[in-house]
Amino acid sequence: VSELREWRPVVYRKCTDTLWLLLFFLFWAGLMFITGYAVMAGAAERLVLGYDSFGNVCGRRNTPVKGAPLSGRDMTNKKYVFFLNSCSLEMQNLKISSLSLCVSGCPQEQLNSLEDLQSFARNNGSCLCIYNLSISSYTLNPKAAELCPTLPVPPSKSFPLFNRCVPQNPECYSKYASVLISMVNEMDVFHRILSGILAGRDTVIGLSVLALAFSLILVLAFRFIRAVLVHTLIALVVFGMFFVSGVLWWLYYDYSNDPSTELETEKENVKFLLGYAIFSTIVTVVLLSLILVLRKRLQFTVQLFRIVGKIIGRIPFLLFQPFWTFLILIVFWVFWVAILLSLGTAGAAQTTSGEQVEYRALSGVCYMAWYLFVGLIWTSEFILACQQMTIAGAVVTCYFNRNKNNPPRHPVLSSISVLFCYHLGTAVKGSFLITILRIPRILLLYLYNILKQKESACAKCLFKCCFCCFWCQESCLRYFNQHAYTTTAINGTDFCTSAKDAVFVLAKNSAKLASICCFGDFILFLGKVFVVCFTVFGGLMAFNYHRELQAWVVPLLLVGFFAYLMSHSFLSVFEVTADAIFLCFAIDMETNDGSAERPYFVDQELLTFVSQSNKLTGGQKHRRPFQDNEDGTELQPM
């Protein structure tokens, strides 16, 4: 079938993979149901702002809870959570045993008596005793010792970790931090991810902006690339990898030899620092080896990016496509995090002994969280697939145009309209296949973390092999998906047919295309490593300032993940453009012979470049010389 196919961009198309698009709409209907449930049943502000033992959210006006007379208070001016027994906190069933109150300010000095508490309340307006105990009764009520904090009250500071008053006394500080972190460690992975996001939210946002800036700089550099820029990029990547590896080993040595490393969060940071350092060192060695092997093809790579830059020069709006994709991804991620926070706090208020209030998680929330997680992967991959199809469609329109001096008008807008009118189902199907391969990797990682204390060395090795196998399959599928999208942009066929035709063409021209795209993809990969490397280094420096309270392993992983997605989103313009050009070239060579009846679509510069590449790699010349032909009419439908 592929040999007889008429490879031309069709004008009159039909919708492809409609059932998959309908399935995606049904999946999003489920997401909307979970969103509505999370908004109605959840209260993300409880997790962000904190709440007292009587169900009052600090910094908000609250509604009363039945059976709790101290609930429903106006806490607009009381924004901080204060524990009455901050020096002797204990954990009981994931709950802190000490009473907590919402206060307007944390005590800056040690308070040794009830008179000091009374004076502090009158001078600062911050009452540290139970709400129904008036300030004048602090020294008169015989039960004041039970209704007020344990004396002496250590000096504390409002630390930006869930708006808690953190004691500054070294002994109390260590105990306080240990209890809070042990509470996080005893939670499931779902709540630990929430805690990690909230603990380093400001730093994560700042580092994501830094990754965006690095990605924009690289896009401009590749657009106007020269040989000196390639050498500069390689030098920066090598320097960055050596520098980050050295910093990681230094931090590991510093943490492991610190005598105050006693908390669980610090020990966990030490373990992950060792893992990061080993992984960074291995990547550095591998990249250096590849750079030494491929160093002779640098000039060839400059010519490749010059040709890609020429195509992008004809379609300048391609450079803005990743920006819109990035904005859409950011909006979706913010929406996803907001729903995750709301879902994580979905619980019913129940009155306990002592007229206190606790929130108990509702049944089924864990399953909804996994559904939401699948939605994160599938939708993110779908957005990236739409970007790939838009770029491929614009490149295909310009390539299969006889008059190179008169390119089509608005190829990007035309490609977007074709995508939304006909081929959204194809993008859905391709992104779903990526999701299917990624979910087992995440499940394996989840099981590995659960069983890492019990498993044998053989099971540990088996887990890693399976994880690596799924990663290789995902990488291969991404490569073929990209060419399937380009084939769909040309012929208007469904995903499976396009994938089969693309594999047929790639198999016949694998020797030519592999040698051309290999080093270009490697340089783009170095660009992604550059963004991730320097962003993670910034994260290490930022998170290193808060060693005790912040378990910064999860935020640092999020920073690396976001940095890679941003760099991939922006640099994929060059990757998709190059792959689309050479797939179109292979199809052009397969279906035309350069004669007057069947002239090539390719221009002279690209044909000369491919010929030189084949000579360099020992390949053979094309069967016929290129014949320039500016004649011809607009392409006709199949």
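Is Cys469 buried, exposed or partly exposed? I looked it up: Cys469 counts as partly exposed because its relative accessibility is 39%. I take buried as under 20% relative accessible area, exposed as over 50% and partly exposed as in between, with a 1.4 Å probe and protein chains only.

**Basis.** I am working on a predicted model, where local features need pLDDT of at least 70, side-chain atom pairs count only at pLDDT 80 or more, and totals for chains, interfaces and linings use all residues. Residues are numbered from 1 along each chain as its sequence is written, and side-chain values use heavy atoms, with hydrogens and water left out.

**Disulfides.** I searched the whole structure and found three disulfides. The criterion was a pair of cysteine sulfur atoms within 2.5 Å. For helices (H or I, at least four residues) and strands (E, at least two) I used DSSP runs, numbered from the N terminus.

I began with Cys58 and Cys102, whose sulfur atoms are 2.0 Å apart in a disulfide. The angle about the S-S bond is -80°, and I noted the link of Cys58 and Cys102 as left-handed. Cys58 sits in the loop between α2 (44-49) and β1 (80-83) and Cys102 in strand β4 (residues 100-103), so this pair ties together parts 44 residues apart in sequence. I found both Cys58 and Cys102 buried.

I then took the disulfide between Cys106 and Cys165, with an S to S distance of 1.9 Å. The link of Cys106 and Cys165 is also listed as left-handed, with -75° about the S-S bond. Because Cys106 is in the loop between β4 and α3 (114-124) and Cys165 in strand β6 (residues 164-167), the pair ties together parts 59 residues apart in sequence. Cys106 counts as buried at 8% relative accessibility, and Cys165 is buried with a relative accessible area of 2%.

I finished the set with Cys129 and Cys148, a disulfide with sulfur atoms 2.0 Å apart. The link of Cys129 and Cys148 is right-handed, with 110° about the S-S bond. Cys129 is in the loop between α3 and α4 (144-147) and Cys148 in the loop between α4 and β5 (156-159), 19 residues apart, and the pair links distant parts of the chain. Cys129 counts as buried at 1% relative accessibility, and so does Cys148 at 3%.

I checked Cys468, which is in no disulfide; its nearest cysteine sulfur, that of Cys472, is 4.2 Å away. Cys468 is partly exposed, with a relative accessible area of 43%. Cys469 is likewise in no disulfide, and its nearest cysteine sulfur, that of Cys472, lies 6.8 Å away.

**Helix α14.** I located Thr487 in helix α14 (residues 457-491). Thr487 counts as buried because its relative accessibility is 0%. I found that the Thr487 side chain reaches the backbone oxygen of His483 at 2.9 Å.

**Helix α9.** I located Ile278 in helix α9, which spans residues 264-293. At 39% relative accessibility, I recorded Ile278 as partly exposed.

Technical notes. Polar contact = N/O pair within 3.5 Å; in protein donor to acceptor, adjacent residues only side chain to side chain.
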